[in-house]
Amino acid sequence: MKRITVLAGGIGGARFTRGLLSHLAVGYPAGSSVEVTVVANTGDDMWLNGLRVCPDLDTIMYTLGGSIEEEQGWGRAGESRRASAEIAAYGRGWDWFTLGDLDLGTHIVRSELLREGATLSEATQFLCRRWLPGVRLLPMSDQPVETHVRLAGDADEHAAGDLVHFEEWWVRYRAGVPAAGFVQVGLEAATAAPGVAEAILGADVVLIPPSNPVVSVGTILAVPGIRDAVRATTAPVVGVSPIIGGSAVRGMAEACLAAIGVEAGAAAVGLHYGARSAGGVLDGWLVDTVDADALVPLAEAGIRAAAVPLWMSDVPLTAALAAEALSLAGHPVPA
Ligand code: GDP
Ligand code: CA
């Protein structure tokens with residue numbers, strides 16, 4: 001096996017990929033030719049204080065680059081918040097979405113590159129020269145595609161029916177205001193970033209980590225051309241459930257599933273992605289051992305499933321999970 005392509009959101013995608021790299025290092029020591037490409041969700045991106053902020057790209061870059069704030073799962077380790085306090089003192093920006101001082105350095109450099117005419121792919125490649133994530137990190141698209149949430153209830157200055165940026169709903173309201181649905185602003189004009197369709201079509205294995213199936217993986221798949229590439233690739237496509245025992249392990253992914261009418265269950269999410277043999281995107285799906293009863297309905301739907309521990313509590317456990325995903329794909333790494 002030579003090429004692995006991962007379709008990733010932020011924290012779940014980043015941690016899974018870190019485990020994957022750790023596992024690959026066992027069978028393919030440094031210098032061997034396995035190439036991992038990560039296609040990242042950019043639907044959470046926004047302009048804030050004049051800066052382009054790309055939460056999922058940065059979570060992946062910092063996690064794989066060894067500078068993530070581990071407990072929190074996003075942002076830089078050893079962060080301070082002096083600049084944000086200054087911005088708040090001017091009454092500007094979002095006081096519920098703090099950007100750390102070190103993190104601001106990244107956003108300033110990225111924004112400068114974009115203003116100079118670089119694409120987001122080029123800016124990401126530039127930032128990765130410093131962080132050396134060990135993967136080829138690609139944004140899903142170079143065009144802005146921003147997930148907005150249609151509120152189903154009132155919240156502060158917003159009324160039911162208003163559209164708010166995903167991060168406002170997620171971080172400010174902790175997904176506590178019901179959502180009527182999601183709108184990907186800019187999607188129609190977007191195309192997959194250079195190399196994305198090729199990375200999927202030319203992969204030996206495509207992996208879908210335990211990322212948010214609606215606003216991370218769902219958004220990536222919605223970019224024109226990406227779902228078609230996943231459907232068309234000759235590589236096996238294996239996903240990992242972000243739901244264990246009926247709830248999202250970390251975060252509030254249930255609220256996103258509720259908004260699109262999908263039950264928060266390991267089987268339900270796998271069936272929502274669907275079998276490739278029946279018009280969906282999966283060949284294989286890993287559920288947690290507590291969700292073993294999901295195996296029968298998944299098999300009936302044409303999805304090869306296995307029940308293994310899905311908690312990514314540390315790197316070795318996550319490496320073992322990545323090994324299970326590769327073996328379900330029929331490509332175990334030589335030990
Ligand atoms: P975000 O962009 O930072 O929200 O991250 P993602 O979209 O990549 O993934 C977030 C989702 O990952 C969470 O809502 C959880 O459902 C899932 N998740 C987080 N940690 C774990 C874990 O240890 N195991 C599994 N199976 N899923 C996890
Ligand atoms: Ca995200």
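Tutor: **Salt bridges up close**

R18 and E70 join their side chains in a salt bridge, at 2.9 Å from N to O. The term means a side-chain nitrogen of Lys or Arg within 4 Å of a carboxyl oxygen of Asp or Glu. R18 sits in helix 1 (residues 11–27), while E70 lies in the loop between helix 2 (55–64) and helix 3 (82–89), 52 residues apart. Helices (H or I, at least four residues) and strands (E, at least two) are DSSP runs, numbered from the N terminus. E70 is partly exposed, at 36% relative accessibility. Buried means under 20% relative accessible area, exposed over 50%, and partly exposed in between (1.4 Å probe, protein chains only).

The model is predicted: local features need pLDDT of at least 70, side-chain atom pairs count only at pLDDT 80 or more, and totals for chains, interfaces and linings use all residues. Residues are numbered from 1 along each chain as its sequence is written, and side-chain values use heavy atoms, with hydrogens and water left out.

Next, D58 meets R110 in a salt bridge of 2.8 Å, N to O. D58 is in helix 2 and R110 in helix 4 (residues 101–115), so this pair ties together parts 52 residues apart in sequence. D58 is buried at 4% relative accessibility. R110 is buried too, at 1%.

R3 pairs with D204, with 3.6 Å between the closest N and O atoms. R3 belongs to strand 1 (residues 3–8); D204 is in the loop between helix 7 (196–201) and strand 9 (205–208), 201 residues away. R3 is partly exposed at 39%, and D204 is partly exposed at 21%.

D156, E157, E168 and R172 form a network of salt bridges. The count comes to eight salt bridges.

Key:
Chains are lettered from A and ligands numbered from 1 in the order in which they are written.
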